[in-house]
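This briefing concerns a predicted model. Please consult the sequence and the three-dimensional view while reading the points below.

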Amino acid sequence: MENLRIENNKIYTTTAIGKTDVFEIVTKIPKGFFVWNIGENMGTHEYIPLCQLLHPEDSKCFSINPKTLKAIKVSPEEWEKLEKAGNWGIGNLKQAEKALKSKRRGYTSDRKRAAAELTIEIFRRICK
């Protein structure tokens, strides 16, 4: 079970195995960050977790940088939409706009487009 505490503009989550993640609370998603689709593991539906890639120059590396985690306050309804969109690779405004412009057709492309349609206005409000 997760242990969550908020203090000094940071969220601290500790897992059952003793690992602690520290999320800086922000008001806008910084450039290069995206929704980290860790689901219920953050322990709250008031904040959506954000991360950046550890090696953004390497297109085959999907490791995140654990030292720069961030979180942004959203409503529970927005949290649910953003979390589902994150599962389809729609984690920020740039990715949502790209999905909406895509002419590709198919199961994954259609799901990404649908997720982008649900979240584009949220991203326009919370992204820099």
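Helix α1 comprises twelve residues, 76–87, and packs against α3 at an angle of about 115°. Two asparagines in the loop between β1 and β2, Asn8 and Asn9, receive separate attention, as does Thr15 in the loop between β2 and β3.

**Helix α1: length and burial**

- At 1.5 Å a residue, α1 should span 16 Å, and its end C-alpha atoms lie 17 Å apart, which agrees.
- The buried residues of α1 are Glu78, Trp79, Leu82, Glu83, Ala85 and Gly86.
- The elements covering them include the strands β4 (34–35) and β5 (47–51), together with helix α3 (107–126).
- After α1 comes Gly89, with a positive phi near 85°.

**Packing of α1 and α3**

- Two packed helices are described by the angle between their axes and the distance between the axes.
- For α1 and α3, the angle is about 115° and the axes are 9 Å apart.
- The crossing of these two helices, α1 and α3, is left-handed.
- On the α1 side the contact is made by Glu78, Lys81, Leu82 and Ala85, and on the α3 side by Ala115, Leu118, Thr119, Ile122, Phe123, Arg125 and Ile126.
- Sorted by class, the contact of α1 with α3 has seven nonpolar, three charged and one polar residues.
- Glu78, Leu82 and Ala85 of α1 take part in this contact and are also among the buried residues of the helix.

- Most residues other than glycine have a negative phi.
- Asn8 has a positive phi, near 55°, and is not a glycine.
- With a relative accessible area of 68%, Asn8 is exposed, because this value is over 50%.
- Asn9 likewise is not a glycine and has a positive phi, of about 60°.
- The relative accessible area of Asn9 is 47%, so this residue is partly exposed, the range for that class being between 20% and 50%.

**Thr15 in the loop between β2 and β3**

- Thr15 is situated in the loop between β2 (10–14) and β3 (20–26).
- Thr15 has a relative accessible area of 23% and is partly exposed.
- Thr15 and Ala96 are separated by 81 residues in sequence and by 31 Å in space, C-alpha to C-alpha.

Conventions:
Residues are numbered from 1 along each chain as its sequence is written. This is a predicted model: local features need pLDDT of at least 70, side-chain atom pairs count only at pLDDT 80 or more; totals for chains, interfaces and linings use all residues. Side-chain values use heavy atoms; hydrogens and water are left out. Helices (H or I, at least four residues) and strands (E, at least two) are DSSP runs, numbered from the N terminus. The expected span of a helix is 1.5 Å times one less than its number of residues. Buried means under 20% relative accessible area, exposed over 50%, partly exposed in between (1.4 Å probe, protein chains only). Contact means heavy atoms within 4.5 Å. Axes are lines fitted to C-alpha atoms, for helices over the stretch in contact, and angles run from 0 to 180 degrees between N-to-C directions. A crossing is left-handed if the near helix is turned anticlockwise from the far one by less than a right angle, and right-handed if clockwise. Ala, Val, Leu, Ile, Met, Phe, Trp, Tyr, Cys and Pro count as nonpolar, Asp, Glu, Lys and Arg as charged, and the others, Gly among them, as polar.
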